Amino acid sequence: MIRAKNPFIFQTGLNLLEITGEKAKNLKELADLIENAHLSVIYYHTHHFLPFQQHVSPKSPNDFAYWIKKELHEEVLSEKIIALDLQKPLGIRELKEKMLQLIKKHFTNDEYRAYDVRSGKEFNFIKAKIFIMPIGHKAYDLSEFYDVLKGVSIDSIYLHLFGVDPSFERCVNHFSCWLRDELKEEVLADCISQLDPFVFYATGTLRFQLIRPICKRLKTVKI
């Protein structure tokens, strides 16, 4: 069994939230604010539900789409934005650009209705700053990696499966990167990279989906 030069350090993340003070009362204001928003704002409003989705039935995987549907009653546009998340994993900048394209195209649609929400129903923009902390677990080989995954918190699993790089440009699957770079487990890394953050796994199901291919691989690896 290959032993990594650099162990996998298990971590968890905490989000410090900051209300930017920017708010939109209609679709045009929403588009303008999205266009000028930092990627951390886009990340928060499209990914913050992930660690909590095992506790509640998610209203929508995308705050922008939810507000467009609930407050502006633009259901078709809302569904198109939600579908962006489901088609394929997108980087945060790419997701931002594609949402803007859909909203701007909608302005030329006969179904578009200029509508201002009443006071108190505006879309409030929130910025997230992520703090990463080690949780005291590390693994040097596939067997140790498997053992830790069976008991580590679901928050840590979400961080390592669906986290972002420091610039918020792209999502990073830490598990797949380490398996590929340190243990040369190309097939296993590719398998884990296929886990989709926008499929609503229950807590146990996500963990099971993660450790099942590792368990299968361990049965073929020489100790």
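User: Is Lys-184 buried or exposed?
Analyst: Let's start with the cut-offs: buried means under 20% relative accessible area, exposed means over 50%, and partly exposed sits in between (1.4 Å probe, protein chains only). Lys-184 has 57% relative accessibility, so it counts as exposed.

User: What pLDDT do side-chain atom pairs need to count here?
Analyst: Residues are numbered from 1 along each chain as its sequence is written, and side-chain values use heavy atoms, leaving out hydrogens and water. This is a predicted model, so totals for chains, interfaces and linings use all residues, local features need pLDDT of at least 70, and side-chain atom pairs count only at pLDDT 80 or more.

User: Back to Lys-184: where is its place?
Analyst: You'll want to know how elements get their labels: helices (H or I, at least four residues) and strands (E, at least two) are DSSP runs, numbered from the N terminus. The phi of Lys-184 is near 60°, a positive value in a residue other than glycine. Its place is in the loop between H8 and H9.

User: Are H8 and H9 roughly parallel or antiparallel to each other?
Analyst: The axes of helix H8 (residues 174-181) and helix H9 (residues 186-193) come within 8 Å and cross at roughly 170°. Axes are lines fitted to C-alpha atoms, for helices over the stretch in contact, and angles run from 0 to 180 degrees between N-to-C directions. Angles under 35 degrees count as roughly parallel, over 145 as roughly antiparallel, 65 to 115 as roughly perpendicular and the rest as oblique. That is why H8 and H9 are roughly antiparallel.

User: Which residues of H8 make the contact with H9?
Analyst: Contact means heavy atoms within 4.5 Å. On the H9 side, the residues are Glu-186, Leu-188, Ala-189, Asp-190, Ile-192 and Ser-193. On the H8 side, they are Phe-175, Ser-176, Leu-179 and Arg-180.

User: How far apart are the closest N and O atoms of Arg-180 and Glu-186?
Analyst: Arg-180 is partly exposed with a relative accessible area of 24%, and Glu-186 is partly exposed too, at 42%. They form a salt bridge, meaning a side-chain nitrogen of Lys or Arg within 4 Å of a carboxyl oxygen of Asp or Glu. Their closest N and O atoms are apart by 3.2 Å.

User: How many salt bridges does a search of the whole structure find?
Analyst: Here are some examples: Lys-25 and Glu-29 meet at 2.6 Å, N to O, and Glu-71 pairs with Lys-70 at 3.3 Å. Arg-3, Asp-141 and Glu-144 are linked in a network of salt bridges. Across the whole structure, the number found is 10.

User: Where does His-73 lie?
Analyst: The phi of His-73 is near 60°, a positive value in a residue other than glycine. At 46% relative accessibility, His-73 counts as partly exposed. It lies in the loop between H3 and helix H4 (75-87).

User: How far apart in space are Met-99 and Ile-81, C-alpha to C-alpha?
Analyst: Met-99 lies in helix H5 (residues 92-106) and counts as buried at 0% relative accessibility. Leaving aside neighbours within four places in sequence, its contacts are Ile-42, Thr-46, Asn-62, Phe-64, Ile-81 and Leu-84. Met-99 and Ile-81 are 18 residues apart in sequence, and in space their C-alpha atoms are apart by 6.1 Å.

User: Which residues make the nonpolar surface patch?
Analyst: Patches are made of residues with over 30% relative accessible area and no salt bridge: like charges are joined within 9 Å, nonpolar side chains (Val, Leu, Ile, Met, Phe, Trp, Tyr) within 5 Å. Accessible areas come from the Shrake-Rupley method with a 1.4 Å probe, and for residues only the protein chains shown count as cover. Strand E1 (8-24) and strand E2 (123-139) each supply at least two residues of this patch. It covers about 360 Å² and is made by Leu-14, Leu-16, Phe-131 and Met-133.

User: How far apart in space are Lys-5 and Glu-182, C-alpha to C-alpha?
Analyst: Lys-5 has its place in the segment before E1, and it is exposed, with a relative accessible area of 73%. Lys-5 and Glu-182 are 177 residues apart in sequence, while in space their C-alpha atoms are apart by 6.8 Å.
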